[in-house]
Amino acid sequence: MSYVGPDFDPPQPRRPRRGPLTVALAALVPGALIGWFVYEAVGGPGGGSSAHASSASAGASVSPTSTASNDDKPPGPSPLKGKVVVIDPGHNVTNFQHTAEINRKVDIGTNWKECDTTGTSTNAGYSEAQFTMDVSHRLKALLEKQGVTVKLTHDTGSPSWGPCVDQRARIGNDAHADAALSIHADGAPAGDHGFHVILPASVHAGAADTRAIVGPSAVLGRDIASNYLRTTGEPFSNYVGDGTGLDTRKDLGGLNLSTVPKVFIECGNMRDSNDAALLTNSAWRQKAAQGISEGIVSFLRG
């Protein structure tokens with residue numbers, strides 16, 4: 001009678017004795033397999049290092065310490081997404097054809113002024129309105145790359161004149177802009193050169209009340225001035241601002257009627273030959289847009 005219990009080991013079959021040929025084959029097979037794997041690793045005839053690189057790459061892809069490259073990661077949201085900037089290209093290239101309309105007076109709070117003006121030009125006839133629209137388009141493109149929503153108060157050919165200065169301010173207000181900027185170039189006498197940024201004064205009269213925007217507008221103006229100076233190399237004005245590049249005014253409807261942080265920039269003097277050479281240069285206008293953009297971005301980031 002047999003007994004099978006927990007400690008019972010059944011008898012094992014006897015293993016056959018290996019002969020000399022069996023031992024020899026057993027020794028040769030691992031070597032052959034190793035050689036085949038090496039052959040495959042280098043890609044066979046003409047495989048070169050590409051197969052080796054693929055093998056290494058495959059190994060890296062499953063390595064527990066490997067991480068995805070920055071290129072593989074989806075882009076994160078822009079920190080400026082949701083920010084709104086209103087750009088006001090000074091004047092309009094067809095204002096000169098609508099003198100009756102642009103001479104109509106509008107209330108700017110402190111007094112009444114013309115709806116708009118024709119602007120100035122270089123001695124060679126390059127108009128301020130052409131300059132401001134060109135820089136505005138460049139600036140818009142740069143800000144949009146940062147995720148900013150950009151609105152222009154007017155664009156090429158629309159409207160056919162203006163808009164009036166009170167409308168320009170209203171566009172920024174209605175957009176609830178985080179920042180607004182009016183772009184200009186000056187028409188001062190030859191020899192006056194450089195740029196300056198115009199800040200709103202504290203005004204509380206009629207339709208104007210700038211008290212809430214004076215502080216943030218000053219920060220915006222300083223950010224733009226410092227970056228514009230660095231990027232363009234254009235110096236601070238030698239005829240406005242006492243060498244600071246900043247001027248405070250209460251006679252501009254575009255500032256008086258604004259309820260959002262807003263400044264003007266006079267990018268240079270179109271009547272000065274040296275400044276005019278810059279203002280009419282496409283590459284320099286790109287630098288001007290870049291400097292303004294960096295100033296606005298600095299302000300938006302706080």
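What follows is a guided tour of the sheet in this predicted model.

**The sheet.** Begin by selecting the six strands that form an open sheet; their order is β4-β1-β5-β10-β6-β9, and the pairing is mixed. At the edges stand β4 (149-152) and β9 (246-249); each has a single partner strand, so one side of each lacks a neighbour in the sheet. From one strand to the next, the twist averages 25°.

**β1 and β5.** Next, select residues 84-89 and 179-186, which are strands β1 and β5; they pair in the parallel sense over five bridges. Within this pairing, I87 has L181 of β5 as its bridge partner.

**Helix α6.** Now select residues 214-232. This is helix α6, which lies across β5, β6 (196-200), β9 and β10 (262-269) and runs at about 30° to β10.

**Strand β6.** Turn to β6 and show its side chains. How many of the five residues of β6 are buried? Five of the five are, so β6 is largely enclosed by the rest of the structure. In a regular strand, side chains alternate between the two faces of the sheet. Here H196, I198 and P200 point one way, while V197 and L199 point the other way.

**The partners of β6.** Finally, display both pairings of this strand. With β10, β6 pairs in the antiparallel sense over three bridges, and V197 stands opposite I265. With β9, β6 pairs in the parallel sense over four bridges, and P200 stands opposite R249.

Key
Residues numbered from 1 in each chain as written. Predicted model: local features only at pLDDT ≥ 70, side-chain atom pairs only at ≥ 80, totals over all residues. Heavy atoms only, no water. Pairing = 2+ DSSP bridges. Helix = DSSP H or I, 4+ residues; strand = E, 2+ residues; numbered from the N terminus. Axes fitted to C-alpha atoms, helices over the stretch in contact; angles between N-to-C directions. Contact = heavy atoms within 4.5 Å. Buried < 20%, exposed > 50% of the residue type's maximum accessible area, 1.4 Å probe, protein only.
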